[in-house]
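Hello,

Here is the structure we talked about handing over. My notes follow below it.

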Amino acid sequence: MYERVSPVASGLLSMSDGQGVYWEDSGARDGIPLLYLHGGPGGGLGSRGYVTKADPSRYRILGIDQRGCGKSTPLALDPQHDLEANTTSRLIADLEELRAHLGIASWVLNGVSWGATLAIAYAQAHPERVRGVIAMAVTTTSRWEVDWITETIGAVYPEEWELFVQHAEQAGLGYRRGETRLVEAYRQLMRHPDSIVREAASDAWARWEDAHIAIGTGGFQRDPRWDDRAFRHNFVTLTTHYWANAGFCDPPLLERMERLAGIPAVLIHGRLDVSGPLRTAWEAHRRWPGSRLIVDEGEGHGGSTMVKAWRQANDDMASHVLAGTDMS
C-alpha cells in the first residue's frame, strides 16, 4: 500500500440545506481527482485507510464523511438532523456541491460496499463528471440484497439469526417473522423515543453485522468500533434507514446501467462474500459496457488480496487517464 499521507486541506462544507459535510484533501494538488465513498451507510472515513490505496504522487485523493456521520454535522442520532431528507439523491447533491466548491470538473470514484452503491448512483446521475470507477464488495442496495443480508442469509448462520430475529419479536412492535420485513422492524426500533430500546437494538444489529461477515476473517470477531456507543447508534440508524428504503434507488440501479456506457470501471468482489453475493457484481458487469470484473476466489466481504487488487486498479486507472488509453 501507499503511505498514509496527511490531509493538505480539510473543512466542513455547509450544504444548501444547512447540513455540514466534512471533507479532506490529500496527495498531489495537481493530480487526478479521486473521490473515496465509504461504506455503511454511516461508516465514515475512520482511520483514513482509503488514502493508502491510491498513488499520492498521481492522485488528488478526496474523502467525505457522508451526511449524518463521522465529522459531518449534525449526526443522524441528533434530533437536529433531518433524517427524512437524508437520501441517496441528497448525497449525490452533496457530492456535486463539494465538487463545485473544490473547482473539480470530473473525478475518479472509489467505493466500497455501500460506497459502491453511491458511486454507481452518482455516475448514473452525472456520467459526464466521472472519469472512472473502482468498486470493491459491489452492492446496489436493492430490495433483494437487503432481504438477503437481513433474512435469507440466516440459513447460513441460523443460531445468530435466531438471536437477531428474536430481539425484534420481543421488542413490543408486533413484529412476526415471515409476515413483515425484519429491516423495517429495526428501522422502527432505532427511531424509538426510549434510548434503552435504541441501545439494545443497535447492539443486536451490530452482533448480526459481525456474524455475517465472519467468512474470510478468521471467524466471529466483534468490531471494536461498536464499543463507541455513539458510532454504533449512528451507524445502525443510517443503515436501517437506507436499507429499509432499498437505498432510495428508484428505479433500481441495475435497471439503469446503460447510462454508464463508456465509463471505465473495475469491479472487485469476493467469491465467498455471503453478505453480498457475487450475483450483484456479475450483473453490474454484464450490464456495464467498459467494466472489468475481478473475482477473488478466496475472499469474502473484503480482504488483503482484494485490497491489493483495489490499489492495482487505481494504478491502472491513473495510467489510463494520464495516457488517454482504453483500460480494456
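**What I found**

Strand β3 (residues 32-37) pairs with strand β5 (residues 107-112) in the parallel sense, over four bridges. Tyr 36 has Asn 110 as its bridge partner in β5. Keep in mind that this is a predicted model. Helix α2 (residues 114-125) packs on the sheet and touches β3, β5 and β6 (130-136). The direction of α2 makes about 145 degrees with that of β5.

**The sheet as a whole**

The sheet is open and has eight strands. Their order is β1-β2-β4-β3-β5-β6-β7-β8, and the pairing is mixed. β1 (9-14) and β8 (291-296) are the edge strands, each pairing on one side only. From one strand to the next, the twist averages 20 degrees.

**The β1 end**

β1 and β2 run antiparallel and are joined by six bridges. Gly 11 is partnered in β2 by Trp 23. The two strands, β1 and β2, form a hairpin with five residues between them. In the turn, Gly 18 has a positive phi of about 95 degrees.

β2 also pairs with strand β4 (residues 59-64), in the antiparallel sense and over five bridges. There, the partner of Glu 24 in β4 is Gly 63. How enclosed is strand β2 (residues 20-27) by the rest of the structure? Largely, because seven of its eight residues are buried.

**The β8 end**

β6 and β7 run parallel, with four bridges joining them. Ala 135 has Leu 267 as its bridge partner in β7. On to the next pair: β7 and β8 are also parallel, over six bridges. Leu 267 has Leu 293 as its bridge partner in β8. Leu 267 therefore turns up in both pairings, as the partner of Ala 135 and of Leu 293, and it sits in a strand with six of six residues buried.

β7 is largely enclosed by the rest of the structure, since six of its six residues are buried. Both faces are covered. Ala 265, Leu 267 and His 269 are buried on one side. Val 266, Ile 268 and Gly 270 are buried on the other. In a regular strand, side chains alternate between the two faces of the sheet.

β7, α8 and β8 make a right-handed β-α-β unit. In helix α8 (residues 278-287), the buried residues are Leu 278, Thr 280, Ala 281, Glu 283 and Ala 284. Their cover includes α3 (143-150), β7 (265-270) and β8. An α-helix has 3.6 residues a turn, so residues three or four places apart point the same way.

**A buried aspartate**

Which helix holds Asp 315? Asp 315 lies in α9 (residues 304-323). Asp 315 counts as buried because its relative accessibility is 11%, under the 20% cut-off. Leaving out residues up to four places away in sequence, Asp 315 touches Tyr 2, Asp 55 and Arg 58.

Cys 249 is in no disulfide either. Cys 69 counts as buried, at 1% relative accessibility. Cys 249 counts as buried too, at 12%.

Best wishes

Note on methods. Residues numbered from 1 in each chain as written. Predicted model: local features only at pLDDT ≥ 70, side-chain atom pairs only at ≥ 80, totals over all residues. Heavy atoms only, no water. Pairing = 2+ DSSP bridges. Axes fitted to C-alpha atoms, helices over the stretch in contact; angles between N-to-C directions. Contact = heavy atoms within 4.5 Å. Buried < 20%, exposed > 50% of the residue type's maximum accessible area, 1.4 Å probe, protein only. Right-handed = clockwise from strand over helix to strand, strands pointing away. Disulfide = S-S within 2.5 Å.
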